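Please consult the sequence and the coordinates alongside the text.

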Amino acid sequence: MLRRRGSIVVVLTVVAALTASCGGAAGPSAAPPTIVASSTSGAGASSESLSAAPSQALETPGAVATASPSSAASRAPSSPHPRPTFDSAAMAAYLTGKITLLNLADVDLAVTVTYIDPASKQSQALGTFTVQSFAQQTNDLPPASYRLDFRQPPDSSTGPRCTIVVKDGQAYSFVAVAGGIAISRAGYTPATARDLFVATSSLCRK
C-alpha cells in the first residue's frame, strides 16, 4: 500500500507507449501500465542501464597466452557506460487523462486502481492508494479503462466500485463524504441526483 501526504502525481506508463515513442508499434493487447508514484515537488525520474565491458584477448608473439576471465577483466581498459535518461516530456504526451481523489470524510479512504485491457478485457491491479482525511491526490494517466474500488475506512471488507473509460483530455473527480463517494466529470451535467454518487451514477460502468 502506498501512502502519501498532500498532492501526488501517479504516473502510469504504458509499455506500448514507450515502444511507440522509440519508433516501434504497439499491439492491441499491450502490457498493462506500470505504476510509478512521484511527488509533485520531486525531481524527474531517471533510469540507468549498465553493461559489462568486453574482455580483451592477451597476445604474445609466437605463442598463445591464456588468462582466466578474472585476470583479463582486471587488465581490460575501462570505458564509459551509456547512461540513458527518462524522457519525461515524451511520456507526458501520453498522460492526457486525469483522476482527482478528494477525501472530505473523517476517516481515511483506500482506493484500489485496476487497469482493464481493451482487447482481452482482462484486468491487472495497479495498486492501492490511501488518501488521508481532508487530503487530495491528483493522478495523471493515459486514456484507458480503469476500475476503482473504494474502501471507507481502508479496512472495510466491501465498498462502492466504479469502472470508467478515460478518454483523451477527460478529467474525473471522486469526492469521499460520510457514507458515500461522489463522482463528476469535467463538462458532464448529471441528469438526476442518482448520477452524483458512484453507487448509482451512469458515469460508472458496473
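Lys121 is located in the loop between strand 5 and strand 6 (123–131), where strands (E, at least two residues) and helices (H or I, at least four) are DSSP runs numbered from the N terminus. Its phi is near 65°, a positive value in a residue other than glycine. Lys121 has a relative accessible area of 60% and is therefore exposed; exposed means over 50% relative accessible area, buried under 20%, and partly exposed in between, with a 1.4 Å probe and protein chains only. Phe134 also has a positive phi, of about 60°, although it is not a glycine. Phe134 is placed in the loop between strand 6 and strand 7 and, at 56% relative accessibility, counts as exposed. Most residues other than glycine have a negative phi, and most peptide bonds are trans. The peptide bond from Gln152 to Pro153 is cis, with omega near 0°, and Pro153 lies in the loop between strand 8 and strand 9.

The structure is a predicted model, in which local features need pLDDT of at least 70 and side-chain atom pairs count only at pLDDT 80 or more, while totals for chains, interfaces and linings use all residues. Residues are numbered from 1 along each chain as its sequence is written, and side-chain values use heavy atoms, with hydrogens and water left out.

**Overall architecture and confidence**

The protein chain contains 3 helices and 11 strands. From the N terminus on, the order of elements is β-β-α-β-α-α-β-β-β-β-β-β-β-β. Of its 206 residues, 32% count as buried. The chain exposes about 12100 Å², of which carbon and sulfur atoms supply 55%; this area comes from the Shrake-Rupley method with a 1.4 Å probe. Among contacts (heavy atoms within 4.5 Å) with a separation of 6 or more, 61% involve residues 24 or more positions apart.

The mean pLDDT of the chain is 72, and 58% of its residues reach 70 or more; pLDDT is the predictor's confidence in each residue, from 0 to 100. Confidence is highest in strand 10, at a mean of 97, and lowest in helix 1 (residues 15–21), at 35. Over residues 1–30 the pLDDT stays under 50, and the model has 73 contacts beyond four places in sequence for this stretch. Residues 34–69 are likewise below 50, with 41 contacts beyond near neighbours in sequence.

**The disulfide**

A search of the whole structure finds 1 disulfide, a disulfide being a pair of cysteine sulfur atoms within 2.5 Å. Cys162 and Cys204 form this link, with their sulfur atoms 2.0 Å apart. The pair joins distant parts of the chain, 42 residues apart: Cys162 is in strand 9 (residues 161–166), and Cys204 is in the segment after strand 11 (180–185). The link is left-handed, with -95° about the S-S bond. Cys162 is buried because its relative accessible area is 0%; Cys204, at 6%, also counts as buried.

**Aromatic pairs and their surroundings**

Rings of Phe, Tyr and Trp (its six-membered ring) pair if their centres lie within 6.5 Å; planes under 30 degrees apart count as stacked, over 60 as edge-to-face and the rest as tilted. By this rule the count comes to 2 aromatic pairs, listed below.

| Pair | Geometry | Centre to centre | Angle between planes |
|---|---|---|---|
| Tyr115 and Tyr146 | edge-to-face | 6.3 Å | 65° |
| Phe150 and Phe174 | tilted | 5.4 Å | 45° |

Tyr115 lies in strand 5 (residues 109–116) and Tyr146 in strand 8 (residues 144–151), so their pair ties together parts that are 31 residues apart in sequence. Tyr115 counts as buried at 8% relative accessibility, and Tyr146 at 0%. The second pair links Phe150 in strand 8 to Phe174 in strand 10 (residues 171–177), 24 residues apart; both Phe150 and Phe174 are buried.

Thr114 also lies in strand 5 and is buried, with a relative accessible area of 4%. Beyond residues up to four places away in sequence, Thr114 touches Ser123, Gln124, Ala125, Leu126, Ser145, Tyr146 and Arg147.

**A polar contact**

Asp140 is in strand 7 (residues 136–141). The side chain of Asp140 makes a polar contact with the side chain of Lys98 at 2.6 Å. A polar contact is a pair of N or O atoms within 3.5 Å; within protein, one must be able to donate a hydrogen and the other to accept it, and residues adjacent in sequence count only if both atoms are side-chain atoms. Asp140 and Lys98 are 42 residues apart in sequence and 4.6 Å apart in space, C-alpha to C-alpha.
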